[in-house]
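Please consider the sequence and the model shown below. The paragraphs that follow lead through the sheets, the surroundings of the ligand and some individual residues.

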Amino acid sequence: HAFVQSILATAHSLSANSPNRASTKAQGVGSAPVNIALSKYWGKRDAVLNLPQNGSVSISLPGLGSETQLKPAVAQDSVWLNDQQLDASAPFAKRLSEFLNLFRTAEVPFFEVVTQNSVPTAAGLASSASGYAALVLALDDLFDWQLPMTQLSLLARMGSGSASRSLYPGFAIWHAGQQGDGLDSFAEALDAPWPEFCVGLVEIDVAEKPVGSTAGMQQTTAACALYQAWPAQAERDKAVIIDAIRAQDFSRLGATAEHNALSMHATMIASWPPLLYWQAESVIAMQQVWTLRQQGVEVYFTMDAGPNLKLLFLAAQKKAVSAAFPGLKVIEPFSS
Ligand code: DP6
């Protein structure tokens, strides 16, 4: 694939070794966290290169993610997820094999992929993001490319857009890019540690979602007049959130992130047929967040392509938020 070839050419020019070095290892390993977008990616301008309509900003959640081992295989790919071998016809395994088509060599015609996810798969908790990021790190290790993170981010993007951001701890920015070749559409770290920053996971339903992000985006961009307004708003929100992170202006960050998520969901709901990821309990949880804010507890929510809420708040509000949401899983991205 031309795109991958040009990235690997970079790897060889960066490497002190010969481009023809036979350095494939017996096994490659990689691990990566899930990430939550504060300003969302929704819609592709190029479905083959997986180029987004707009840039996005995220926060990675340490302790939740994927760990992958990758080995050369002989006759066919085999994919193991959480100690279970997947049928080659399972959608998850098929998508993975298609991605691996980009990387097969004479020496490594097939792969054995063994992944452990510490997040429920396909529950709107971005397991594809950590999964493809971990896989790309494992490929880098197996083939000893020694690529810089921004280049690995380009490759991860080909597996799943949000995976481009999962290469980094903390905040990350995925640039939409402008080039047709996709080489400028990668994520990089926004190095701005914020020790008080907390993310709370409200699990409404962790069952597999009926419409995945890829199909959901396609449906929205094809059949929603409101979507026309989305890319420009998303770029503005992205810029505001980056500024708010740098200034540690939590109110601005929270309000922009919540509005951005609701705007994205509005485009889904205004598609035909409609696409509604929410459940009744999701709406109840949103109203609880608004009630808490009225009571002076500063907490905001964001939501992805699923019914679960992710709450954003500062450590000073942890007690109050946890009391309102029993069983809330709280992650402090910068305090571990
Ligand atoms: C709502 O990255 O899963 O979570 O590129 O088709 O794999 P593909 O989509 P994916 O979409 C994520 C959508 C989102 C918003 C976000 O994470 O930015």
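**A guided reading of the model**

In strand 12, Y300 has L312 as its bridge partner. Strands, like helices, are DSSP runs numbered from the N terminus, a strand being E over at least two residues and a helix H or I over at least four. The model is a predicted one, in which local features need pLDDT of at least 70 and side-chain atom pairs count only at pLDDT 80 or more, while totals for chains, interfaces and linings use all residues. Residues are numbered from 1 along each chain as its sequence is written.

Strand 11 and strand 12 (residues 309-314) run antiparallel and are joined by four bridges; two strands count as paired if DSSP finds at least two bridges between them. Four strands make up an open sheet with the order 11-12-10-13 and antiparallel pairing. Strand 11 (299-302) and strand 13 (329-331) are at the edges with a single partner strand each, so one side of each has no neighbour in the sheet. On average, neighbouring strands of this sheet are turned by 30° against each other, direction ignored. Angles here run from 0 to 180 degrees between N-to-C directions, and axes are lines fitted to C-alpha atoms, for helices over the stretch in contact.

Two helices accompany this sheet. Helix 7 (residues 250-269) packs on it and touches strand 11 and strand 12, its direction making about 30° with that of strand 11. Contact between two residues requires their C-beta atoms, placed from the backbone, to lie within 7 Å. Helix 8 (residues 280-294) lies across strand 10 (197-202), strand 11 and strand 12, and runs at about 155° to strand 11. The loop between helix 7 and helix 8 contains P273, and the peptide bond from W272 to P273 is cis, with omega near 0°.

Other strands pair elsewhere in the chain. Strand 1 (residues 28-39) is mostly covered, with ten of its twelve residues buried; a residue is buried if 20 or more other C-beta atoms lie within 10 Å of its own, exposed if 12 or fewer, and partly exposed in between, with C-beta atoms placed from the backbone. Eleven bridges link strand 1 to strand 4 in antiparallel fashion. Strand 4 (residues 56-73) is in turn joined to strand 7 by eight bridges, again running antiparallel. By contrast, strand 5 (residues 78-81) and strand 7 run parallel, with four bridges between them. In a regular strand the side chains alternate between the two faces of the sheet. Strand 7 (residues 110-117) has F111, V113, T115 and N117 on a covered face, and F110, E112, V114 and Q116 on an uncovered one.

What surrounds the ligand? There are 15 residues around the ligand, the closest being A37, S160, G161, S162 and T214; a residue is near a molecule if its C-beta atom, placed from the backbone, lies within 6 Å of it.

Finally, some single residues deserve attention. W174 is in strand 8 (residues 171-174) and is buried, with 27 other C-beta atoms within 10 Å. N50, in the loop between strand 2 (44-46) and strand 3 (51-52), has a positive phi of about 55° although it is not a glycine. N50 counts as buried because 21 C-beta neighbours lie inside 10 Å. D144 also has a positive phi, near 55°, but D144 counts as partly exposed, with 15 C-beta neighbours inside 10 Å.
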